[in-house]
Amino acid sequence: MNLLNLVLVLPLAGFLLTMILPKNNASLIRLFSLVLSLAIFVLSLGLTSPFFQSGNGNWFVTDVPWIQSPEIRYHVGVDGLSIWLVILSTLLTPISILVSWKHIDKRVKEFHAFMLLLEFGLIGVFVAWDLFLFYVFWEVCLVPMYFLIGVWGHERRIYAAVKFFLYTMAGSVLMLAAMIYLYNKANTFDYTNLVDLIQRGRLSFTGLEQMLLFLAFFLAFAIKVPLFPLHTWLPDAHVEAPTAGSIMLAAVMLKMGTYSIVRFCLPLFPQAARECAPWIVILALIGIVYGALVALVQPNMKKLVAYSSVSHLGFVILGTFSFNQAGLDGAVYQMLNHGISTGALFMLVGFMYERTHTLEIKDYGGVSTPAPWLSTVFLITTLASIGLPTLNNFIGEFLVLQGSAYVSITWTAIAALGVILSACYMLWLYQRAFMGETNEHLKGHMHDINPRELAAAIPLLILMVWMGTYTKTFLPSISAANARILEQSKAGIEMKVDAQNNKTARLNQSAPTGDQPNVR
Amino acid sequence: MSDNFMPSAVEIMRFMPEIILILVGTIIMVFEPLVDVKRKSALGFVALLGLVGAASATFRAMDNPGPAFQAMLMVDGFANFFRLLVIGVGILTIVASFAYLKREHAESGEYFALILFSIAGQGVMVTANELIMLFIGLEISSIASYVLAGYLRDDKRNNEAALKYFLLGSFATAFLLYGVAWIYGATGTTNLTEIRRVLTNRDLAPAIGLVGTSAALIFVGLAFKVSAAPFQVWAPDVYQGAPAPVSAFLSAGPKAAAFAIFLRVFFTAFEPIADKWQPVIWVSALATMIIGNFAALLQTNIKRLLAYSSIAHAGYVMVAIATHSQIGAAAVMFYMVAYAFMNIGAFAVVTHFSRQGERYVDTDDLAGLGVRQPVTAALLSIFLLSLIGVPLTGGFFGKFYIFKAALDANLVWLTVLGLLNSAVAAYYYLRIIVVMYFREPGESTVDLQPLSPGVLAVLWGSAVATLILGIYPSIVLDFAGKSAALVK
Amino acid sequence: MPTTVPLTWYLILSAILFGLGVAGFLFRRNIITVFMSIELMLNAVNLSFISFSYKWRQVDGHIFSFFVMVVAAAEAAVGLAIILTVFKNRSTLAIDEVNSLKN
Amino acid sequence: MNDQQLWLIPALPLAGFLINGLFGKKFPNILVSIIAVASVLGSFAWVLKTLGALGDLEHAHVEHYLTWIQSGPVNIGVDLAVDRLTAVMLLVVTGIGSLIHIYAVGYMSHEGGYYRFFAYLNLFMFFMLTLVMGANFLLLFVGWEGVGLCSYLLIGFYILKKSAGDAAKKAFVVNRVGDFGFSLAMFLIMVQFGSLDFQKVFEAVKPLPVDQTPGILTAIALLLFVGAAGKSAQVPLYVWLPDAMEGPTPVSALIHAATMVTAGVYMTARAAVIFQHSPLAMDVVATVGLITAVMAATIGLTQYDIKKVFAYSTVSQLGYMFIACGVGAFSAGIYHVVTHAFFKALLFLGAGSVIHALSGEQDLRHMGGLAKKIPITFAVLACAWVAIAGVPPFAGFFSKDEILLAAHHHAPWMYWVGVITAGMTAFYVSRAMFMCFFGSYRGHHHPHESPFVMWGPLAVLAVLSLAGGWYFKVPHYLEPVFPVAEGHHDETLVYISVAAGVIGIGLAALMYLIKPGLPDTISGALGPIYKLVYNKYFVDEVYDATIVNPMVAGSRGVLWRIFDAGIIDGIVNGTAVVARTVGGGLRLLQSGNIRSYAAWVTLGCVVVLLALGVMSGGVK
């Protein structure tokens, strides 16, 4: 029972315990789940320790058989790629619970139970080293989020919840098919084994095979990301979800997609990944600009932030499919950044909603006069999300753009447009909501941020600055993990370099892991 | 054929479960008049005893598997697996029925007796190694279930269901029988292994067209019983019309037995012409899935919805049969177990919820159940999620093994289409969850009684079983895998 | 040597009978008649059983036909009972009027 | 060798920002101002100490603190560096900065959000200092974006005014457009040279022969200039600066006159090596500078808002600086940065003092005759006046002279345009002065002289504007950085430019003192042209019509409503509809009629028979 298993099991235990707590004693349930999730967070911090000694490798590995036929193993562990996402999940769960303290007053018990179940699923997704196990956790995340949206959401919650569920389901069944196919071919679900087999050429696919498998996986992930044009579930889900739901959804759940792409699509199907890269990147670039433009004209704050997510995650995809160190590091870093800044944005919007029960921007205005601190926090978060240097997003965006620049400066240029636009929509939002004369019907209930809310916000603010200024804490371990993934996905290429058409060959050279800047 | 027709003790032992069931059934029938009206449910417990006895007899039979009665029966692991399954179904059905019968003022011995007979028939089906035995078992099971379907004599829906089931059932059986006649004519035997031997033997082998025809006719009969397209038409009406617990029974017991003989006949007797029947089943499977899932999308009557869903699930199982492989057979066996639990669980909730005269059988009636009876709603959600095929439930592994087998057999397209189907299916199951949790309670839940102990037991039992199958499927799967080996 | 009716004739006859049974089921409107056409089908099958068993010089076929008769009898018993209840509830034997369960 | 603790220079204002920002709300104003001013003075002092310790900075003095970003080839350190160029900028920034802080204490005394103002101001100092001290492009970029942020915050300081909010947003976004270019340039540099450190990059560039340098260098240079144009308000990105005057006057003085807007010039000078390798880029820089100088000057002629006049003057002067860079006289450019900082800061603060005196009045038409009412302000403004008009031997004269000579050396026509611009400059400043201080008072407020805290700093600046020119020989000091573009010092050219200035003043005097009616008749005579200029060539309107509105409308109408909600979601929901219709169709199989069911069974039977029986029969 190593630390990781503990961190993984506790939420599940919490879920079951919450289920048997007396349903009428709301405050007890709240307190219990808060304390538990905090404890989990503290424990999960322990997981980071090995990465400060040596950034590399898998740690806290447990590998025991679960099911004999087909051979499915309970194989979990963390590496530099997953560790921070685990931390992100464990951090945001208590924050979400704290945020919902007053906001959630009906079916308190179920709510917190689902929050913990969700945490369980999320952690699981990030630590699973067995494809099947991964799939199980992937689906497990689906159920609690479905209920969170459906039960505690707003008016059109049912539509949103079902749309969310079916969208994801449609993607994941294909992934399941691909997984089984993979198993029948390789006779193992174990990620490390699979990669190893591919490395040593024991397991190879025909071009078509690999392409189809890649697409099956990628589709499932792209829906979760969401990659344009598969994004339309996101705005609905976000607008209708309760604050906590939006936070978890934006901050962590979307990362399931991006993480999985990095973790599985690159090493398992390197060639297909490279062949598709140009098209995927085009979609990502469209997403970046498109998301920003659509966000620009949203009348609803949550929708605005939701579309901004589409734009932000475009960067992650762009970085990932640049196939070089900088791009990949940036992508992963950007996952965390987006988790923090967008999570914070949804949280703050949630605070405002609690006060005024509206999400329409036009109903706000001049908030900064009655609520100066709230608006300060909001401003800082805004600046973080528009990539102001010394705040977290800047690092991610810089690395992603730098990485893409190694491949094509045109990509970089288009993506950089997104950076301009992000300033447009966020600052416009800030101006309309917070500056100017205070809106009449805000008077009275637009009181300033309270200690509880501040307590929820502070950690995120600290992280924004920390990740923006002292990247040494996070970047080395991420780099190490990414370097390995790049190595694997390159090795795959070398193996069938002959079967490679020149396009991917070009991509392959002009996207070095960085070691030689290509002076033309 | 040995000239000594007296069965040996061993053979009797192998046949003991059916004997017990028949005896107990008869006893119940005989002694019913002596039992006071208020105590009829006591007979139910007698029936339960009988089932338990049969189960233990089955375990005994497992110790020394082998043929019985001039190899008319084949009591192998495969048979015993399904025996236990149908017996289990019987137990769950009876336990779930007490409250229902009391509610409908229809407690009587024959109900239990009929269930026992039907199960006995299914026992004969799954052990049958010979087409006539198969036919007889089928009829025993069917005739009993015809009556069960129309159990509430004065209920219009009940006896309409019964009539449809009866007429169409015997209609289809006639085809099956005709097929039997033809294969007998073609090969001179009705013993499955014999048939196989003849078909594989070059110089004895009859005209392939002849064999194909009889195979087709038999396929009709069996496909009808498992409600596979295009012979699924009866299922929705019957399941909707029959009493809820009976629908549960029909969708689990007879169906499982029918699939068992499906496997036996097509994997044993018609194995030599597999390449011929495989495509037929391929098509039938796809059609079944599509019809079941899409037609279910618009259903508002829960029983009917579950009926269509059971058609869809039959489709998935057909996929496994289409693989024509041992792991395919194992997948079928596992699936039938998982399906039995989740489906009976779901029907049990309907039984409980529908109230006197089954007034509340609309999905919208469930509105707010999540608030009024959280436990019921939670358990039903587990069954529904399992029917969707969400991991950590039996339903998921059922699908998983089926599609794994399918991909093994290179049925890639069937797999993809099947999985997409299951995504479609998610929609109508989710709708029930939506209604239960996301809608405010309506008047339909006002006078809802707490769960009766019987139903409660069934719900918890099935729920736990569903989860166990979802978390540790090996328990059943290994058994299935070993047994499936004995099919040929 | 006495000329015997060839086997195929019996088979064709039974096929015809079976077909008639099916046709009867499809086209007759009275439940009883429909039921009887099922019986017809079963007996058509019996005929082919007998003839086949003649072909194979076996008794099995005859035994089968006895089984079938027994089963048919049982079916008849149950079936008529069901039909009776239907008649009691709807006071009609028109098969097309028994269609309240649909879609 | 981190012996100089350079980090203290930016750190002090940062500390001031943090203290005031977090706790200032509770502090009394006096404490806030002490913290703010002290922090800036502190870093000024530290600059002096450092420079003293470093002696003559023949080579840059670099201090490495920590690795900021390390990912594959990308390795960015937090390194601060001081060389002569930086030294000049440091002195200007901290020196002028301190003065303006002091001035603000008086100017803002009656404003709300006092602590907020000073917090922002300190934050600005922090970023500005990071900008000038950063030893690599990324750090420069950090300061670059940072000052942009502060200018955003300070322009929008009067949060209740919508116009302030708009101006702030405009400033930030337009700057972002510039930064777009800057960042692209950075990425290219990284790809090309594998580093962003000034030393490494420039070392790599220097050896490349100028004549056949790879076009990539031109691209880099041009992109850098896009950034510079954004920050330093050059055509076509100058539009934000005039609006920026929405901010409090000290802000206009500090950020939008003395320091931030010159960051572009600084950056160009810093990257001189790259620019020198791309003649094309150089020409672009010079031309854009020239256009800007003229265009802004013309607009300046017609404005009535005193701050707007000076704002356009700033734009125009920045144009001058870029002309200098463009023609290769970087040192002259920096020289002008310095002198301009002196007199333009003075002009703004003076204007502020006037506005303060008239309690908020900014329109020249409501002023006049203030010379007697607020003599000190008048006196100090007069110094700035002569300085900017290029009257020898005052500050403006020297730097402008350097630039014009260099321009003439490069291309005579540039010189002449420059001269005309100089004339216009002299004219509009004089115009403002006359309208403000001479004639009779046309306003209705009761002017009162500003307190010492305000005119104290003004006095200092006045001295600098008068003497700063010949006292600080910046070009000479910068020689190690920029070898002076040699060129015979032609007296006549100097006389001409001076003459232009004098003529400008004379004209102004004629029009606004002697014949007050003249301006209207002239503007009447010019008619449409005057309108065009008066309305700033309708540039803002054009931008709105061609970029802003189409973008918003398109996003809303097409992308969101039609594409997103319509097409994509349409498809998604469409599939659902299709599925339901199929389902509806299938339900119809279930007519409920037994015989139809039997028909289905029979049909199915026939099909299967065909499939299995006949087909397989055929197969055989």
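1. The interface between chains D and A draws 41 residues from chain D and 44 residues from chain A, a contact being two residues whose C-beta atoms, placed from the backbone, lie within 7 Å. On the chain D side, β1 (61-71), α5 (137-155), α6 (162-193) and α25 (539-587) each give two or more residues; helices (H or I, at least four residues) and strands (E, at least two) are DSSP runs numbered from the N terminus. The largest share of that side, 15 residues, belongs to α6(D). Its composition by class is 23 nonpolar, 11 polar and seven charged residues, where Ala, Val, Leu, Ile, Met, Phe, Trp, Tyr, Cys and Pro count as nonpolar, Asp, Glu, Lys and Arg as charged, and the others, Gly among them, as polar.

2. The model is predicted: local features need pLDDT of at least 70 and side-chain atom pairs count only at pLDDT 80 or more, while totals for chains, interfaces and linings use all residues. Residues are numbered from 1 along each chain as its sequence is written, and chains are lettered from A and ligands numbered from 1 in the order in which they are written.

3. Five pairs of chains are in contact, and chains A and D share the most contacts. Chains A and C, by contrast, do not touch, their nearest C-alpha atoms being 25 Å apart.

4. Chain A contains 20 helices and two strands. Its radius of gyration is 22 Å, close to the 24 Å from the globule rule for 520 residues, so chain A is as compact as a globular protein of that length; the radius is taken over C-alpha atoms, and the rule is 2.2 Å times the number of residues to the power 0.38. Of the 520 residues of chain A, 67% are buried, that is, 20 or more other C-beta atoms lie within 10 Å of the residue's own.

5. Helix α7 (residues 157-186) of chain A has 30 residues and spans 42 Å from first to last C-alpha, close to the expected 44 Å, which is 1.5 Å times one less than its number of residues. Since 25 of these 30 residues are buried, α7(A) is largely enclosed by the rest of the structure. Just after α7(A), N187(A) adopts a positive phi of about 65°.

Definitions and conventions. A residue is buried if 20 or more other C-beta atoms lie within 10 Å of its own, exposed if 12 or fewer, and partly exposed in between; C-beta atoms are placed from the backbone.
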